[in-house]
Amino acid sequence: MIGRKNMGRASPLLLVLLALGFFFATYNFLTMIIHYRSVGKWVGDNSNGGLLSDPIIGMPEDVKKFKNSKSPFHVALTATDAPYSKWQCRIMYYWYKKNKDLPGSEMGGFTRILHSGNPDNLMDEIPTMVVDPLPAGLDRGYIVLNRPWAFVQWLEKATIDEEYILMAEPDHIFINPLPNLAHGGYPAGFPFFYIKPSQNEKIIRKFYPEENGPVTNVDPIGNSPVIIRKDLLEKIAPTWMNVSLRMKEDTETDKAFGWVLEMYAYAVASALHGVQHVLRKDFMLQPPWDLEIGKKFIIHYTYGCDYNLKGELTYGKIGEWRFDKRSYLRGPPPRNLPLPPPGVPESVVTLVKMVNEATANIPNWDTQ
């Protein structure tokens, strides 16, 4: 037994032992978690795809705190005047209006940045600013290259009251009121499984040299969805545009990155400015791969949803039941689309129901 006289000498040893015990207990727990990146960001994931911890990835402790006041953000998306883009924008804007003023929402104003160079027939329906497309031929058939150029022009010309901006896309549907997920100088982004800077280090280093830091500084994101402080985006946007054009001009990079080239360009541009994003898995879900809605905020319907009448996914093969936005390149989908057969995941059913609600309530839906 340690007497009172010896406790002063023993207590440091006890403290060390206690600390070591805590360390090993913590270490054993963390070995169950995936180490996301070398700078110490963690993401927990169980075998069912659910998070072991919260859905925040890499939230610095000094900013992971309760916000006492609202921080509204401006919703901005880039678009063309093609029928395919227009019907998606109309559905997106419908659900923005439905969610904007609900409890928990921090959505502010809305702008469709139309980079076709001329007004179209949605100017009175959706708040819109017209900007110029890239000079003819510069996009080399990759129309998405107009996105960073559109944001550069909008940021220079528009009066934006909000301090923050959500960069969104036409094929986004708000399923829950969206709060401001950004925290000061830490924007919020969504981690895409197919954006892999570390696995493409040789190419990334063409645009993000070693002297700028480890390749893990380049986040696995695109520009959308991202909630970011306006002054940060004003710095990043011109760099994003220039890196996008340089990547497109580089044959190796263009071949490797393909249709996600502009997403990599935004991630690299952010890293060049020393901006890293808090990665939020709950920001968005993507049917048919994400099955449940849960507490997520946006449905991104970029993938086709194909099922047989047993409710089984037939991805890569046209299903007996399907919803694919690319089926409606020349005009809007009809009202009252048939619902999926029994057994199809909640995410797909919800998507079709939300499309149907929007089309039933938007006036003159069949307008091109």
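1. Basis of the note. This is a predicted model, in which local features need pLDDT of at least 70 and side-chain atom pairs count only at pLDDT 80 or more, whereas totals for chains, interfaces and linings use all residues. Residues are numbered from 1 along each chain as its sequence is written, and side-chain values use heavy atoms, with hydrogens and water left out. The names of helices (H or I, at least four residues) and strands (E, at least two) come from DSSP runs, numbered from the N terminus.

2. Cis peptide bonds. Most residues other than glycine have a negative phi, and most peptide bonds are trans. Against that background, a reader may want to look at the bond joining Ser224 and Pro225, which is cis, with omega about 0°. A cis peptide bond also joins Pro287 and Pro288, with omega about 5°, and Pro288 is found in the loop between strand E12 (284-285) and strand E13 (298-300).

3. Positive phi values. Asn336 is not a glycine, although its phi is positive, at about 55°; this residue lies in the loop between strand E15 (321-323) and helix H8 (346-361). With a relative accessible area of 64%, Asn336 is exposed, where exposed means over 50%, buried under 20%, and partly exposed in between (1.4 Å probe, protein chains only). Asn364, which is likewise not a glycine, has a positive phi of about 50°; Asn364 lies in the segment after H8 and counts as exposed at 60% relative accessibility.

4. Strand E7. Strand E7 covers residues 164-168, and five of its five residues are buried, so the strand is largely enclosed by the rest of the structure. In a regular strand the side chains alternate between the two faces of the sheet.

5. The neighbours of E7. Two strands pair if DSSP finds at least two bridges between them. E4 and E7 run parallel and are joined by five bridges, with His74 standing opposite Ile165 in E7. E7 also pairs with E10, here in the antiparallel sense and over four bridges, and the bridge partner of Met167 in E10 is Val226.

6. Salt bridges. Side chains of opposite charge can pair when their charged atoms come close. The structure holds 17 salt bridges, each being a side-chain nitrogen of Lys or Arg within 4 Å of a carboxyl oxygen of Asp or Glu. One of them joins the side chains of Arg205 and Glu201 at 3.4 Å, N to O; both residues lie in helix H4 (residues 201-207), four residues apart, which is about one turn of the helix. Arg205 is buried, with a relative accessible area of 19%, whereas Glu201 is partly exposed at 34%.

7. Glu252 forms a salt bridge with Lys202, the closest N and O atoms being 2.8 Å apart. This pair links distant parts of the chain, with Glu252 in helix H6 (residues 251-257) and Lys202 in helix H4, 50 residues apart. Asp250 forms a salt bridge with Lys206, and here the closest N and O atoms are 3.0 Å apart. Asp250 lies in the loop between helix H5 (230-249) and H6, and Lys206 in helix H4, so the pair ties together parts that are 44 residues apart in sequence. Salt bridges that share partners join Lys202, Lys206, Asp250 and Glu252 into one network.

8. The second largest pocket. A pocket is an open set of points on a 1 Å grid over the protein atoms alone, where a 1.4 Å probe fits, with protein on both sides within 12 Å along at least five of seven lines; lining residues have an atom within 4 Å of a point. The second largest pocket is lined by 28 residues, and Tyr84, Val144, Arg147, Glu169 and Lys325 lie nearest its centre. Strand E4 (73-79), helix H2 (83-100), helix H3 (146-157) and helix H7 (261-272) are the elements that give two or more residues to this lining, and the largest share, three residues, comes from H2.
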